[in-house]
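Visitor: Hi! Could you walk me through this one while I have it open?
Guide: Happy to, let's take a look together.

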Amino acid sequence: MNEDSKKYLQEFKLYTQVEKNFSQHTVTAYSSDILSFIVWLNDKSLKEVNYSTIRDYLLYIKQFNYTKTTTARKIASLRTFYRYLYRERITETNPALGVHSPKKGKNLPEFLTEREIEQVLNNTKMETPAGYRNRAILELLYATGMRVSELSSLNFENLNLEENEIKVFGKGAKERIVLVSARAKNFLEIYLKTVRYLICKEAPAKTTSPVFINKTGFRLQPQSIRLAVKDVMNNIALPKHVTPHVFRHSFATKLLEKGADLRIVQELLGHSSISNTQIYTHVSAERLKQSYDSSHPRAL
């Protein structure tokens, strides 16, 4: 591997962390993508790369049958990387300028109906402290539309339950306020006052302490929350693949079905662009069509 290339990769990683303020997940993904590209180049310098080189690389990775989403991210990584190199005058041109991402399919996000949500929540076993904690987590995910990473990152200082508010930090460390329903708030307060102590007696409850913890007192990680949801779903006969993110989809869909303003939903979800939120209007419209087809006597 070219030594200069390794140096430029490290500088690019710092650039995405500090200047671009990308999430840690995006920084890791982009760095991994560029590392793979550099390894493929072997000893060839990044300065020698042209449009044809990048096209050859994209043909090379095609054999791995990546999804359109993954391929689009790899292309975005290359475009961002060479935009950075060109800006820093490391390269004389930007060879990735004319490379376009594959068109993504317009798959509507999976969501749960109100009846299905209640089925999931009511089948969450609460006989143990961890089980009650998991119920509080699911109630909070549905009530707020938080991402699983945002919920995992919550500290005591982020809670303002007197005002039914929680401060979260989304992608790119963007701060926003989400609202908590009375029901979710009740589960959360019982967890904080009683159950959290039962999970780990030594866990501190200071302003900077994590809200949701495991049995050792450390922060409950997103993967553990995903496994908790999977465990609940294993006991329910639902023909849907339910993840924590499905609760976020269900939250947004329900708000729009009830007439919430699209801009308000965008703010609550923490979307930087309203185009990301508009997908839920299609979900709501599709559900209306399904209701019409199944209920109206002249639908068929």
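This is a predicted model: local features need pLDDT of at least 70, side-chain atom pairs count only at pLDDT 80 or more; totals for chains, interfaces and linings use all residues.

Visitor: Thanks. In what sense do strand 1 and strand 2 pair, and over how many bridges?
Guide: Strand 1 and strand 2 (residues 165-169) pair in the antiparallel sense, over two bridges.

Visitor: How many residues lie between strand 2 and strand 3 in their hairpin?
Guide: Five residues lie between them. Glycine 172 sits in that turn and has a positive phi of about 70°.

Visitor: OK, so in what order do the strands come in the sheet?
Guide: The order is 1-2-3, in an open sheet of three strands with antiparallel pairing. Strand 1 (159-160) and strand 3 (175-179) are the edge strands, each pairing on one side only.

Visitor: Which side chains of strand 2 are buried?
Guide: Ile166 and Val168 are buried, and they point to one face.

Visitor: Let's switch to helices. At what angle do helix 1 and helix 2 pack?
Guide: Helix 1 (residues 3-18) and helix 2 (residues 24-41) pack at about 160°, and their axes are 10 Å apart. The two helices are therefore roughly antiparallel to each other.

Visitor: Is that crossing left-handed or right-handed?
Guide: The crossing of helix 1 and helix 2 is right-handed.

Visitor: Which residues make the contact?
Guide: From helix 1 you have Ser5, Leu9, Phe12, Lys13, Thr16 and Gln17. Helix 2 brings Gln24, Val27, Tyr30, Ser31, Ile34, Leu35 and Ile38. By class, the contact of helix 1 with helix 2 divides into seven nonpolar, five polar and one charged.

Visitor: What about helix 6 and helix 8, how do their axes cross?
Guide: The axes of helix 6 (residues 129-144) and helix 8 (residues 182-199) cross at roughly 150° and come within 9 Å. That makes helix 6 roughly antiparallel to helix 8. Their crossing is left-handed.

Visitor: Which residues meet there?
Guide: Among them, helix 6 has Pro129, Tyr132, Ala136, Leu140 and Ala143, and helix 8 has residues including Phe187, Ile190, Tyr191, Val195 and Leu198. The contact of helix 6 with helix 8 has 14 nonpolar, one polar and four charged residues.

Visitor: While we're on helix 8, is lysine 193 buried or exposed?
Guide: Lysine 193 is found in helix 8 and is exposed, with a relative accessible area of 69%. The C-alpha atoms of lysine 193 and valine 180 are separated by 17 Å, and the two residues are 13 residues apart along the chain.

Visitor: And serine 152, buried or exposed?
Guide: Serine 152 counts as buried, at 3% relative accessibility. Serine 152 has its place in helix 7 (residues 148-152).

Visitor: What does serine 152 touch?
Guide: Leaving aside residues up to four places away in sequence, serine 152 touches Arg219, Leu220, Gln221, Pro222 and Ile225.

Visitor: One more residue: where is aspartate 56?
Guide: Aspartate 56 lies in helix 3 (residues 51-61) and is partly exposed, with a relative accessible area of 44%. Its C-alpha atom is separated by 15 Å from that of leucine 97, 41 residues apart along the chain.

Visitor: Zooming out, how many helices and strands are in the protein chain?
Guide: The protein chain has 13 helices and three strands. Its C-alpha atoms fill a box of roughly 65 × 60 × 35 Å, taken along the principal axes.

Visitor: What share of the residues count as buried?
Guide: Of the 300 residues of the protein chain, 43% do. As for contacts between residues at least 6 apart in sequence, 61% join residues at least 24 apart.

Note on methods:
Residues are numbered from 1 along each chain as its sequence is written. Side-chain values use heavy atoms; hydrogens and water are left out. Axes are lines fitted to C-alpha atoms, for helices over the stretch in contact, and angles run from 0 to 180 degrees between N-to-C directions. Helices (H or I, at least four residues) and strands (E, at least two) are DSSP runs, numbered from the N terminus. Angles under 35 degrees count as roughly parallel, over 145 as roughly antiparallel, 65 to 115 as roughly perpendicular and the rest as oblique. A crossing is left-handed if the near helix is turned anticlockwise from the far one by less than a right angle, and right-handed if clockwise. Contact means heavy atoms within 4.5 Å. Ala, Val, Leu, Ile, Met, Phe, Trp, Tyr, Cys and Pro count as nonpolar, Asp, Glu, Lys and Arg as charged, and the others, Gly among them, as polar. Two strands pair if DSSP finds at least two bridges between them. Buried means under 20% relative accessible area, exposed over 50%, partly exposed in between (1.4 Å probe, protein chains only).
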